[in-house]
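Here is a short briefing to read alongside the model. Take a moment to look it over before going on.

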Amino acid sequence: MSDDILVDIQNLHFNYDGRPVLQGINMKIPRGKVVAIMGGSGCGKTTLLRCIGGQLRPTAGSVRLEQNLVSEMSHAELYGLRRKMGMLFQFGALFTDMTVLDNVAFPLREHTDLSDEMIRDLVLMKLEAVGLRGAHALMPGELSGGMARRVALARAVALDPMLVMYDEPFAGLDPIALGVIGQLIRKLNDALGATSIMVTHDVHESLMIVDYIYFVSQGTIVAEGTPDEIRASKDPFVHQFVNAEVDGPVHFDYPAPPVVHDFLGRGLHV
Amino acid sequence: MSESFSPIRKLGHAVVDRIWRMGFAARFFVAVLRYSGPSFRRLPLTLREIYFSGVLSLLIITVSGLFVGLVLGLQGYETLQRYGSTEALGVLVALSLTRELGPVVAALLFASRAGSSITAEIGLMKTTEQLKAMDIMAVNPIARVVAPRFWGGVISMPLLAALFSAMGVLGGWLIGVVFIGVDDGAFWSQMQSGVDFRYDIWNGVIKSFIFGIAVSVIAVFEGYDSVPTAEGVSRAITRTVVTSALAILALDFVLTSFMFRGTS
């Protein structure tokens, strides 16, 4: 594994209750890049992210992070590795009983011996980076969705991690907040020299900020490429996804028996 | 054939599921004890929970204790009057409270007031992914969230039970001495001579400590194991109150049978 590769995923399989969610994923994520993992809802994107973070153990295959085999690490080793990771959850997952400042200070207080004054200064710098220094005294309940996401972003990068993972960072945001979060992800990644993995289904915002994109469908990678390659792609899956078309290889309807079976046959129960 | 065995299969599944959950709860309890270090090394974490579980329960405990004492005073006086021994009202009130009513009623109130709140808080933290966020930040949620709440409850419970008993004695004194006219000296002296520190007060403290462990572990476990939905958290809170009440009453019988057999 080259030193340039931070995350190396080989033939990753994951089953949930016997149902295959990931089926042979191969992926290499270079250092310093912002990589997007895209796909429809329920295709296994978040499961993939959790396997990278060591929250889920793969059924087969391997996830290597900085040469370390994540799936075989002990609890203590995993916690050691996670100190070098940050994660932005879909709805922020801010601690509701703490102020914005305390939320961002949380990882610093838990993992460093810095003085309160030093932590306060560091937190205000992180909050300044996401444009919320003035909101440090607010409680999470007083923030809008976009502000909460930015606070969570500041918390995710509080320890200057080498890897930042984003789980649907754009979900439920208005266009302005969405653009702001997108730019912040790119700028913070470059400023910190970190590597970012972003699970999303927001194609247009992602194409503007990421270096590489993987498309996942039914637990496998069906397409990949740089934003320019994706835009130019003739692949039916990519074409359907990028252009938000109803018809294509991805079915909108959940699998069901024929209509006749439910409305006229014995499948009808009233 | 499988259809005809369906109820048996469901029953078997429910029994196995319940046993599995009890095993999981036992392992969870061991994990809480194992990761209790930070609760004592970082005392403010536990002090905060003592405030939420203990201090904020003071009102319900003091008021309930007073009313229980008032009722005990009235009922006790009426019964003792039949035998001409109303001076024994003090000892009757004190023994009833220190041996039984103090630890048991305080624990039932604690389960309703603090236990349900602990379950709701941990359950909602799970629902809003706060526990997962901690875990991904390499902070063990059992050490950081669960253990301080558990110890906060364990430490608060005997103190609340003692306060409940003290308020009950005050209520009994108010009714017996102030309103009915039982001799003040007889009330206190009979109580002093009739209440044994080892058998009555200390055993009551042990009971309340064990009830504190039971209620606290049930509350934190139900919150941690709740289904992360609104309905799931609501069910977990209900289970905390019901299971705690049953555990307190069952433990009370077991402890009483060991502690007081042949001593009175």
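How many residues of chain A are in contact with chain B? There are 14, and they meet 9 residues of chain B, where contact puts the C-beta atoms, placed from the backbone, within 7 Å. This is a predicted model, in which local features need pLDDT of at least 70, side-chain atom pairs count only at pLDDT 80 or more, and totals for chains, interfaces and linings use all residues. Residues are numbered from 1 along each chain as its sequence is written, while chains are lettered from A and ligands numbered from 1 in the order in which they are written.

**Where the chains meet**
- On chain A, helix H2 (75-82), strand E6 (85-88) and helix H3 (100-111) each supply at least two residues of the side that touches chain B; helices (H or I, at least four residues) and strands (E, at least two) are DSSP runs, numbered from the N terminus.
- H3(A) gives the largest share of that side, 3 residues.

**A helix pair in chain B**
- Helix H9 (residues 197-224) and helix H10 (residues 230-259) of chain B pack at about 155°, with axes 9 Å apart; axes are lines fitted to C-alpha atoms over the stretch in contact, and angles run from 0 to 180 degrees between N-to-C directions.
- H9(B) and H10(B) are therefore roughly antiparallel (over 145 degrees).

**The sheet in chain A**
- Four strands of chain A form an open sheet in the order E2-E1-E4-E5, with antiparallel pairing; strands pair if DSSP finds at least two bridges between them.
- Strand E1 (residues 5-16) of chain A pairs with E2(A) over 9 bridges.
- His13(A) stands opposite Gln23(A) in E2(A).

Technical notes. Two residues are in contact if their C-beta atoms, placed from the backbone, lie within 7 Å. Angles under 35 degrees count as roughly parallel, over 145 as roughly antiparallel, 65 to 115 as roughly perpendicular and the rest as oblique.
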